[in-house]
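Work through the exercises below with the sequence and the structure at hand. Each task is followed by a solution in steps.

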Amino acid sequence: MFEIIPKEIDRALFYFHSAGSNSKQIAPFLKEIEALFPTAYIWAGDGNLSNSALMSGHPTYGGLKERYWFVFPMDDACTEESFLKNKQSMGASLLSAGSFVNYLVDIVMRRYNLSADKIILSGFQHGGALALSAAMMRKYDPFNQVVLFEPYLLEAYFMNQNMIIPDTGVYCIDNEHIRKRTYNWIGVYTDEELRKMGMNAIKVTVQGGDDHLSMEMIRNGFAAILESEQKKKS
């Protein structure tokens, strides 16, 4: 787990890793993030679950280096048909994980006297789905920004009917390789689908790239938030 506590705190940034990884995924980028947000409390923890992201894989609490934030109740977790068929049970998994995140964020907000508009949730793939799920639950005290590195449509399939958050900026960060690969896989661009569901999705695509989170994605993704804030001030 990583926790960075500067002397002056005026916001908080949370990062959630992808499936089968852990908080060390963000380690190579921490200095860059600190430079962008010098007065931010920064938290990156390890997912609660190990063994498998599938119920059939008998997930357990902690214990291994490979960690997960939530589980898929179905074995074929890669098709739209499967997502929709298991909508209610998958939604329950995301809601439970998202509630944990909101509880954690509320503790930090009280500790450092922060309002919800000073919170940034972020994550890569599986972790991004968790971040967006948590934000989608935040009906009455919404977050301003969610940063999704290689965004997935998981939470949107299960939660979009009741929990749209048009006031929250949903930054969809990818690279040209990931964007093409996602389209070849399921025939959609995630940011476009999120906009169709009523979300304020902002696309940031960096040149080239591969399957991994990169410094360019980190730098451009968080810089987009700072740029948006400057525009609001001016």
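**Exercise 1. Overall make-up**

How many helices and strands does the secondary structure of the protein have?

Solution. The model is a predicted one, in which local features need pLDDT of at least 70 and side-chain atom pairs count only at pLDDT 80 or more, while totals for chains, interfaces and linings use all residues. Residues are numbered from 1 along each chain as its sequence is written, and side-chain values use heavy atoms, with hydrogens and water left out.

Step 1. Helices (H or I, at least four residues) and strands (E, at least two) are DSSP runs, numbered from the N terminus.
Step 2. On this basis the protein has eight helices and nine strands.

**Exercise 2. Size and surface**

Find how the radius of gyration of the protein stands against the globule rule, then describe its extent and its surface.

Solution. 
Step 1. The radius of gyration is taken over C-alpha atoms, and the rule is 2.2 Å times the number of residues to the power 0.38.
Step 2. For 234 residues a compact globule would have a value near 17 Å, and the 17 Å of the protein agrees with this.
Step 3. The C-alpha trace spans about 45 × 35 × 35 Å along its principal axes.
Step 4. The accessible surface (Shrake-Rupley method, 1.4 Å probe; for residues, only the protein chains shown count as cover) is about 11,200 Å², and carbon and sulfur atoms hold 50% of it.
Step 5. Buried residues (under 20% relative accessible area; exposed means over 50%, partly exposed in between, with a 1.4 Å probe and protein chains only) make up 52% of the 234 residues.
Step 6. Take contacts (heavy atoms within 4.5 Å) with a separation of 6 or more: 70% of them join residues 24 or more positions apart.

**Exercise 3. Strand pairing**

Which strands pair with β3, and in which sense?

Solution. 
Step 1. Two strands pair if DSSP finds at least two bridges between them.
Step 2. Strand β1 (residues 2-4) runs antiparallel to β3, with three bridges between them. Alanine 44 of β3 is the bridge partner of phenylalanine 2.
Step 3. Strand β2 (residues 11-16) is parallel to β3 and is joined to it by five bridges. Here arginine 11 has alanine 40 as its partner in β3.

Now follow the pairing from β2 onward.

Step 4. β2 also pairs with β6, in the parallel sense and over five bridges; tyrosine 15 stands opposite serine 122 in β6.
Step 5. Strand β6 (residues 119-124) pairs in turn with β7, again parallel over five bridges. Leucine 121 has valine 146 as its partner in β7, and phenylalanine 124 stands opposite phenylalanine 149.

**Exercise 4. Buried strands**

Are the residues of β3, β6 and β7 buried or exposed?

Solution. 
Step 1. In β3 (residues 40-44) five of the five residues are buried, so this strand is largely enclosed by the rest of the structure. Ala40, Ile42 and Ala44 point one way, Tyr41 and Trp43 the other.
Step 2. In β6, six of the six residues are buried. Ile119, Leu121 and Gly123 point one way, while Ile120, Ser122 and Phe124 point the other way.
Step 3. In β7 (residues 145-149), five of the five residues are buried, so β7 too is largely enclosed by the rest of the structure. Gln145, Val147 and Phe149 point one way, and Val146 and Leu148 the other.
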